[in-house]
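Morning, everyone. Please look at the sequence and the model on the screen while I talk.

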Amino acid sequence: MRTLIRFIAPAAALVSVLAVTPQASAADHSPSGSSMRVPGTSVAFSENGARDAQTRAIAAQNPAAVSATATLCGSGYELEAAEQLPDARRFGTLFTYTRSTTSVSGACAVFDNNLGTAKHMKLKLCPNKTGVACKVDEGTYSQYAGPVKGEGNHDAGWNNCSRVTAIMWSSGVAIIDRVRYVAPCD
């Protein structure tokens, strides 16, 4: 009986605390876009970037790269996604940024070379609108390809569903070939 009381008393105390203590909902603690910054930087996450655990983890591990790539894109851009390519081996890191104000929307991408040796790289950003040319940066780079950036009014197609392609070759073989949307599409 004494053993039973030793287990029941703490459990009852815990239940009483939980019953009277207001619980915070998950929404109360979820990141909220530009109010959340990449630790150690002045770079804001976009709403999607703040919700993406992979992007937050890569950004937290590489704040200098996030700051540098954001600077290349320009002011007003928020980190949308950071992705190690082709996988956890991280030959390269693709950073995508978005910008949305009342008059201008934009998308920007930078493809970071993490190998420490020059590689032939291609970075292409295409808007979600026919008749508007893609932005391309291709060459042999030891640091990064890009930035490639498109901006315009909200009808220009740059912010919503812009598509980015990142390719890196080694000895003529593509070791990275990734196509993704800059921001999630509806």
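First, a term: contact means heavy atoms within 4.5 Å. With that, 55% of the contacts in the chain between residues at least 6 apart in sequence join residues at least 24 apart.

Now the ground rules. This is a predicted model, where local features need pLDDT of at least 70, side-chain atom pairs count only at pLDDT 80 or more, and totals for chains, interfaces and linings use all residues. Residues are numbered from 1 along each chain as its sequence is written, and side-chain values use heavy atoms, with hydrogens and water left out.

The layout next. The chain has 5 helices and 8 strands. Helices (H or I, at least four residues) and strands (E, at least two) are DSSP runs, numbered from the N terminus. The order from the N terminus is α-α-α-α-α-β-β-β-β-β-β-β-β.

How much of the chain is buried? Of its 186 residues, 38% are buried. Buried means under 20% relative accessible area, exposed over 50%, and partly exposed in between, with a 1.4 Å probe and protein chains only. The chain exposes about 10,200 Å², and carbon and sulfur atoms supply 53% of that. Those areas come from the Shrake-Rupley method with a 1.4 Å probe; for residues, only the protein chains shown count as cover.

On to helix 5, residues 63-73. Its buried residues are Ala65, Val66, Thr69, Ala70 and Cys73. Down the helix axis they fall within an arc of 125 degrees, so they line one face of helix 5. The arc is taken over the directions from the helix axis to the C-beta atoms. As background, an α-helix has 3.6 residues a turn, so residues three or four places apart point the same way. The face of helix 5 turned away from its buried side carries Ala64 and Thr71, both exposed.

What covers the buried residues of helix 5? The cover includes helix 4 (53-61), strand 1 (78-85), strand 2 (92-100), strand 3 (105-113) and strand 6 (144-152). Take Thr69, in helix 5. Thr69 has a relative accessible area of 5%, so it is buried. Leaving aside neighbours within four places in sequence, Thr69 is in contact with Phe95, Tyr97 and Val110. After helix 5 comes Gly74, with a positive phi near 110 degrees.

Next, the largest pocket. It holds about 330 Å³ of space. Of its 16 lining residues, the closest to the centre are Asn48, Glu80, Thr98, Asn159 and Asn160. Helix 3 (47-51), strand 1 and strand 2 are the elements that give two or more residues to the lining. Strand 2 gives the most, with 3 residues. By class, the lining has 4 nonpolar, 7 polar and 5 charged residues.

The pocket terms, quickly. On a 1 Å grid over the protein atoms alone, a pocket is an open set of points where a 1.4 Å probe fits, with protein on both sides within 12 Å along at least five of seven lines; lining residues have an atom within 4 Å of a point. Points are joined across faces, edges and corners, and the volume is the space filled by probe spheres set on them. Ala, Val, Leu, Ile, Met, Phe, Trp, Tyr, Cys and Pro count as nonpolar, Asp, Glu, Lys and Arg as charged, and the others, Gly among them, as polar.

Lys122 lies in strand 4, residues 119-126. Lys122 counts as partly exposed because its relative accessibility is 24%. Not counting residues up to four places away in sequence, Lys122 touches Phe111, Val136, Asp137, Glu138, Thr165, Ala166, Ile167 and Trp169. Phe111 is 11 residues from Lys122 along the chain, and their C-alpha atoms are separated by 8.5 Å.

Last, the backbone. A cis peptide bond joins Leu85 and Pro86, with omega about 0 degrees. Pro86 is in the loop between strand 1 and strand 2. A cis peptide bond also joins Gly146 and Pro147, with omega about 5 degrees. Pro147 is in strand 6.

Which loop holds Arg90? Arg90 is in the loop between strand 1 and strand 2. Its phi is positive, near 55 degrees. Ser171 has a positive phi near 55 degrees, and lies in the loop between strand 7 (163-170) and strand 8 (173-181). At 78% relative accessibility, Ser171 is exposed.
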